Amino acid sequence: MGNIRTLCRSAIFILTLSVFFGPRCGATVYHSNGTAESVQFFHDNQAQNGDTITFPAGVFAWTTGVVISKAITLQGAGVGSTIIKDDVQSGSLISFALQPNLTSRLTGIEFQDGGRATYNNTPGWMHIDGKNTDGSQFRLDHNRFFHMNGDIGPDTVIGVADHNDIVPLPGRGCFTIFGRLWGGSDQGGDPSWSAPCNFGSSQFFFIEDNTFDNTDPTYQAFATDAYDGARFVVRYNTMVGMIIGDHGTESHGRGRGSRAMEVYGNTMNGNNVNVGVVQARSSTVLFHDNNVTNYWAYPQPYIRLEPYRCFFAFSPWGGGDGVNVWDVNSPNAFFTGTAASANSGRTVTVTGANWTTNQWKGYVLHRLSAGGTQNFGEILSNTANTLTWASATFGTEMTIAAGNSFEIRKVLHLLDQPGRGQGSLITGNPPVSPQGWNNQVTEPCYAWGNAPQAPVFAPNTAIVRANEHFFDNTPMPGYTPYVYPHPLVTDQPPPSPTPSPTASGTPAPTPSPTPTATATATATATATATPTPRPSSTPSATPTATATPTATATPRHTPRPHPSHGPYQG
């Protein structure tokens, strides 16, 4: 017993299988040879919660991924020194399952595409599963991600991605964020939607102090996409040619849309390739104190609010036709009539009508007669006896035959639209409408303090209304941002990068052990100053990005692919 205490006090370890370990008086460091097989071996057979697996300098091509189910740190020798090339053709390169009341971390590695054939935005080339209920946390820091053929996919992760250098594939994305496990089990984001946004709290995935550099001179890249009740914060990043986006409760199927986003303190250079700064299809958005330049939309860039159910009937939710039980609708029809002739394009002539011009703008034309899968359209304009409606956008357009009957309805609020949330918990697959539904409440979007360009909210539908669902140039009452820097940003970064390695290819697997007694040598990380909170009105630039290696761009794929994150378990 005395010898064990002596070993713990002096922190002397014995080297076996290239690892320093001993009695568990503290964390242990295991030195992999950089291959996926070596990392997985140490994880499965040696490492315990709180330990670290390191990577040497070198270039390592991985054709198989690793699965991390312990609260450990994966630590490389630094960007430009440890380089992992992703040549995994199925699944994720690295998957984390976070552990209750513990923190996992990945730091000091440069990742590059190594030949992955299919773009993997879900579950992502890197995937992290967490929960908001068990105290698990994650930190992703001081890495570089260059032209990865996929996204990073945090699912219900409470934690932070900080001080990373991110160069996406042209026209592609960086993070696809989920909230499927909000509430502790896979419920497709339902519990996240029934809870308040809680802006300014720790209950978000934070993306802070990173650099995003879109090298495509024509198309924007997505810094974020989001689904299933996701909650995320994008703050104090330097971003070139990027857009911040999400998906709504629509094209994703049973899963709900993204729940909430805060975007502030960023330096955002549109590089004259973007139209919008934010594309929110369901999130309640706070956008404030960003330095915005070179977004070319006239007269000023915009924050797009786009609940696409107002245009198309997505399964299983249906569309905003004025009678859908998932929405808040006026109880009665405002007009019922028949078509004098078949529609011409998206315009129909109405028998016996004598209306005031545009009196029905913003209402919904709901076809009652059978004929086609699309039976509604938001009314864009009307004359004395014609109605013109919006495109279905996502599918077959509505048709109306001579003599078809229709009615004019009004939608007051759409399910899960930007600026709405909470309400009763929805369950079931297909979903079951709770008693008293739709009892969601208004949670407005706010934008303020942005300069020199000041983006304004721009809804794609009359259902999303100014000074009700969103407020321009108006601070959110009672709001205070979460502490900066994030509390997990306390450890020193990995060692400074060494000159680019000359090694290439995949190192041989770890050989059979030949134990050798060696004194422990603990690497000392290069000290850096702790960042101070940045004045929200004058966001600062993040550290200078590492030089970009040459790579071949892939063609832009549009529209952005929708995920299939596995069957919903509700």
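Predicted model: local features only at pLDDT ≥ 70, side-chain atom pairs only at ≥ 80, totals over all residues.
Contact here means heavy atoms within 4.5 Å. Glu443 sits in the loop between β40 (441-442) and β41 (445-448). Is Glu443 buried or exposed? Its relative accessible area is 11%, and buried means under 20%, so Glu443 counts as buried.

The largest nonpolar core has 65 residues, and the members that touch the most others in it are Phe111 and Phe175. Take Phe111: leaving out residues up to four places away in sequence, it touches Ile84, Leu93, Ile94, Leu106, Trp125, Met126, Arg144, Phe145, Phe146 and Met148. Apart from this core lies another one, made of 17 residues, and here Cys197 turns up again, among them along with Tyr236, Leu286 and Tyr479.

Now for a sheet. Six strands form an open sheet with antiparallel pairing, in the order β32-β37-β34-β35-β36-β33. Which strands stand at the edges? They are β32 (335-338) and β33 (347-349); each has a single partner strand, so one side of each is left without a neighbour in the sheet. From one strand to the next, the twist averages 35°.

If you want to find the pairing on screen, look at Thr336, whose bridge partner in β37 is Glu407. Strand β32 also has two faces to tell apart: Phe335 and Gly337 make up the covered one, while Thr336 and Thr338 are on the uncovered one. That puts Thr336, the residue bridged to Glu407, on the uncovered face.

Finally, how far does the predictor's confidence go? The mean pLDDT of the protein is 86, with 82% of its residues at 70 or more. Residues 1-24 are another story: pLDDT there is below 50, though the model still gives this stretch 48 contacts beyond near neighbours in sequence. Residues 498-533 also stay under 50, and for them the model has 53 contacts beyond four places in sequence.

Note on methods
Residues numbered from 1 in each chain as written. Heavy atoms only, no water. Pairing = 2+ DSSP bridges. Helix = DSSP H or I, 4+ residues; strand = E, 2+ residues; numbered from the N terminus. Axes fitted to C-alpha atoms, helices over the stretch in contact; angles between N-to-C directions. Core = buried A, V, L, I, M, F, W, Y, C linked by side-chain atoms within 4.5 Å. Buried < 20%, exposed > 50% of the residue type's maximum accessible area, 1.4 Å probe, protein only. pLDDT = per-residue confidence, 0-100.
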